[in-house]
Amino acid sequence: MPVTPQEYSFKEYVIQQDQETIRFYIYTPGFSPEKSTFLFLQGSGAVPLCMENDQGHRLTFSLHTRPEVVQDFNFVIISKAGFTFSRHQDAAAPVEYHQKTSLAYRVFQADTVLRYLQSNQVINSKHILVCGHSEGSDVAAKLATINKDISHLGFLSGGGASQFLEYFLYARKRITRGEVSFREGQQEIETLTRQFEEIMQSPTSTIKFWQGHTYLRWATFAEPALRNLLQLNIPVFMAMGSQDPVVHPEAFDLIISEFLFNKKQNLHHQIYEGADHGFKEKSDTGPGIDHIPPLITDMVNWFHQTLIA
């Protein structure tokens, strides 16, 4: 039997709109319409909110149980296109996931959920924190330019440049570290350039794939998040791990430098020493370190410090 949201203390809501089905979930412990909203947008990948395997099941996110979140927020999360709450890890991704996943579609999902919450008076508070991680940070930044009811933005493990740049930087750094020769690295970059050109020549294709994602997904998420971030005047909390192997620190620093150049004062930025893309730190001598608790504490403190009554 599939795992139900109730087993993890979530209430399911289903929105049917223009032949679209959007499923989202609210964590019920401590729920109050008067609390602020914490909408969390996950990163990339065809994964359900609850992953099943032959031994049991687990959630693919964890921020909702942090005491500060439970105390101060109503935590909301959205299933990706084609997914219900749970799915077995060996099951193929829903066809709908690949047909629909794009920056625009994920923004549409999140915007629809926020409007539903307000129009149906599920929430009453005017304070809405949208927090995106990795791919979700791109969604959050774009969403905040469209939905003016969002009061705060969390931008976690995201970069400011096009995602294409990340791959160029991987190759450049391998050259610098001496892992490949200049000629080998440059050939890799030229191969990537041809691949990205092909993606942008078929930007709506859902039958062509690169690295597990459709060309539609790649083409839309190639939009630099910096373009959207610079349009915002709401408080922005930006964080990444110093050992993030996915997002380069240069893409993080690019955002800071552009905010400085544009004389914008609404960005709080923080790097967590030793943390990886998911804000975890591995150890060769003992248990790893989880940087999520201090991250959430810092974000919630920032949220309260920047509230406008």
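This is a predicted model: local features need pLDDT of at least 70, side-chain atom pairs count only at pLDDT 80 or more; totals for chains, interfaces and linings use all residues.
Buried residues, meaning those under 20% relative accessible area with a 1.4 Å probe and protein chains only, make up 52% of the 309 residues in the chain. Residues are numbered from 1 along each chain as its sequence is written, and side-chain values use heavy atoms, with hydrogens and water left out.

On overall dimensions, a compact globule of 309 residues would have a radius of gyration near 19 Å, and the chain, at 20 Å, agrees; the radius is taken over C-alpha atoms, and the globule rule is 2.2 Å times the number of residues to the power 0.38.

Turning to the fold, the chain has 10 helices and 15 strands, assigned as DSSP runs numbered from the N terminus, with helices (H or I) of at least four residues and strands (E) of at least two. An open sheet of mixed pairing is formed by 8 strands in the order 1-2-6-3-8-9-12-13, where pairing requires at least two DSSP bridges between two strands. Strand 1 (10–17) and strand 13 (267–272) each have a single partner strand, so one side of each is left without a neighbour in the sheet. How many bridges join strand 12 to strand 13? There are 6, and the two strands run parallel. Within this pair, Gly 241 stands opposite Tyr 272 in strand 13.

Note on methods:
Buried means under 20% relative accessible area, exposed over 50%, partly exposed in between (1.4 Å probe, protein chains only).
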